[in-house]
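Here is a short briefing on one protein chain. Look at the sequence and the fold before you read on.

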Amino acid sequence: MNTQATRLIELLQLEKKGSKKLNAKVISVASGKGGTGKTFFASNFAFALSKLEKKILLIDFDFNLSNLNIVLNQSTKNSLSEFFEQKKSIEELIQPYTKNLHLIYGDSGKEFYPKIHKEIIDYFFVSLNKVADNYDYIIIDSSAGANELTIRQLINSDFIIIVTTPEPTAIMDAYVLTKMLKAENSSSLKLVVVNKCSQKEEGENSFNNLLIASKHFLQEEPKYIGSVSFDILAHKSILNQELLLENYFDSNISKEIIAITKRFTEIVQVANNNQSNFSQ
Ligand SMILES: Nc1ncnc2c1ncn2[C@@H]1O[C@H](COP(=O)(O)OP(=O)(O)OP(=O)(O)O)[C@@H](O)[C@H]1O
Ligand SMILES: [Mg+2]
């Protein structure tokens, strides 16, 4: 392990002692298969939540293959690798997009990207404490798949939104991700969005296949929070480097994302109520 990593791990031990549970809820947007629409969904979902007067920090955690800055047409001042290299603090990485939506960008094709260990992921989450009081939700756009670092990120999250598509390969990969999380005793609440659907029923049917397998083999019940249609406007918004919800607010696909966002806030409300009943 290099000295940089050793130093971060020492810092983790120190900071863990004084750390508390984060005030903001952490939501990771993940998938098994690549290209399911995580970045598209995470950015528009973050924007929709910010419009409900929630303070949001959106983080691009696709380390060295990040593209949130391109999707949002923003120039990156500081990026995540500088935190891992201990050149910048979390606070220094934050760039405002709107009053309620702030961002931390990743890197793209950086030569000599710092080596990340799972303890460094833990250190990142402990460090989030320093800014967590400023936000209601911290949304993390993940890299595809289920490598050791992504799994570590996901088990550090309160909610995991798995973005899949109706294709059997994507459903299978979403199942594998759920299985790997179960193996790690993840207690995060798992929610599912089926993106790129040709019709609403396709989303429901695809989710049911995932649910049946998860219940049968894993005794796990992920929750369905909705489907998003396959729509050329999604493609167009990415091509034009603008947020769908900012530019095509009245479109059907925007309404679907808003409906998912509302369903999400209802689920959080129920989870909070259950928690406060439990602690009475
Ligand atoms: N609902 C949709 N309708 C049509 N096209 C979509 C939709 N959602 C996403 N796309 C397209 O799918 C592609 C992949 O989207 P995106 O980059 O968000 O996926 P990702 O899961 O973040 O990918 P990666 O795994 O590489 O990070 C983009 O080209 C985007 O235009
Ligand atoms: Mg992505």
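This is a predicted model: local features need pLDDT of at least 70, side-chain atom pairs count only at pLDDT 80 or more; totals for chains, interfaces and linings use all residues.

Residues are numbered from 1 along each chain as its sequence is written, chains are lettered from A and ligands numbered from 1 in the order in which they are written, and side-chain values use heavy atoms, with hydrogens and water left out.

**The whole chain**

- The chain has 12 helices and 8 strands. Both are DSSP runs numbered from the N terminus: helices are H or I with at least four residues, strands are E with at least two.
- The radius of gyration is 18 Å, close to the 19 Å that the globule rule gives for 280 residues, so the chain is as compact as a globular protein of that length. The radius is taken over C-alpha atoms, and the rule is 2.2 Å times the number of residues to the power 0.38.
- The C-alpha trace spans about 50 × 45 × 40 Å along its principal axes.
- Buried residues make up 53% of the 280 residues. Buried means under 20% relative accessible area, exposed over 50%, and partly exposed in between (1.4 Å probe, protein chains only).

**Helices H7 and H8**

- The axes of H7 (residues 148-155) and H8 (residues 168-183) come within 10 Å and cross at roughly 70°. That makes H7 roughly perpendicular to H8 (65 to 115 degrees).
- Axes are lines fitted to C-alpha atoms, for helices over the stretch in contact, and angles run from 0 to 180 degrees between N-to-C directions.
- Ile-151, Leu-154 and Ile-155 in H7 meet Leu-177, Met-180 and Leu-181 in H8. Contact means heavy atoms within 4.5 Å.
- The residues of this contact divide into 6 nonpolar, no polar and no charged.

**Helices H8 and H9**

- The axes of H8 and H9 (residues 200-218) come within 10 Å and cross at roughly 35°.
- Residues in the contact include Ile-171, Ala-174 and Tyr-175 of H8, and Leu-210, Ala-213 and Phe-217 of H9.
- By class, this contact has 7 nonpolar, 3 polar and 2 charged residues.

**Residue Glu-204**

- Glu-204 sits in helix H9.
- Glu-204 is partly exposed, with a relative accessible area of 32%.
- Glu-204 and Tyr-224 are 20 residues apart in sequence and 8.1 Å apart in space, C-alpha to C-alpha.

Technical notes. Angles under 35 degrees count as roughly parallel, over 145 as roughly antiparallel, 65 to 115 as roughly perpendicular and the rest as oblique. Ala, Val, Leu, Ile, Met, Phe, Trp, Tyr, Cys and Pro count as nonpolar, Asp, Glu, Lys and Arg as charged, and the others, Gly among them, as polar.
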